[in-house]
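Please examine the sequence and the model shown here before reading on.

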Amino acid sequence: MKSTIELLEHTDFPAIKRRQLTILQVNMGYLCNMSCVHCHVAASLIVPR
Ligand code: SF4
């Protein structure tokens, strides 16, 4: 994997700032009845196991 840290060190992109917590998500398992393409836990039922 190519390191990208050099690209991030010299940018004028505004710093990311944390805001107040408003939503807390707790994943209780690895199954979900949704099938979002961006799923970060591969919880969809269509993901092969
Ligand atoms: S498929 Fe993944 S991202 Fe979509 S609702 Fe379920 S857990 Fe969340």
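## Glutamate 6

Glutamate 6 counts as exposed because 8 other C-beta atoms lie within 10 Å; a residue is exposed with 12 or fewer such atoms, buried with 20 or more, and partly exposed in between, the C-beta atoms being placed from the backbone. This residue has its place in helix α1, where a helix is a DSSP run of H or I with at least four residues. From glutamate 6 to isoleucine 46 the C-alpha to C-alpha distance is 38 Å, and 40 residues separate the two in sequence.

The model is a predicted one: local features need pLDDT of at least 70 and side-chain atom pairs 80 or more, while totals for chains, interfaces and linings use all residues. Numbering starts from 1 along each chain as its sequence is written.

## The chain as a whole

Of its 49 residues, 0% count as buried.

## Alanine 42

Alanine 42 lies in the segment after α1 (5-9). Although alanine 42 is not a glycine, its phi is positive, at about 50°. It counts as exposed because it has 11 C-beta neighbours inside 10 Å.

## Around the ligand

Cys32, Met34, Ser35, Cys36, Cys39, Val41, Ala43 and Ser44 surround the ligand, each with its C-beta atom, placed from the backbone, within 6 Å of it.

Notes
Helices (H or I, at least four residues) and strands (E, at least two) are DSSP runs, numbered from the N terminus.
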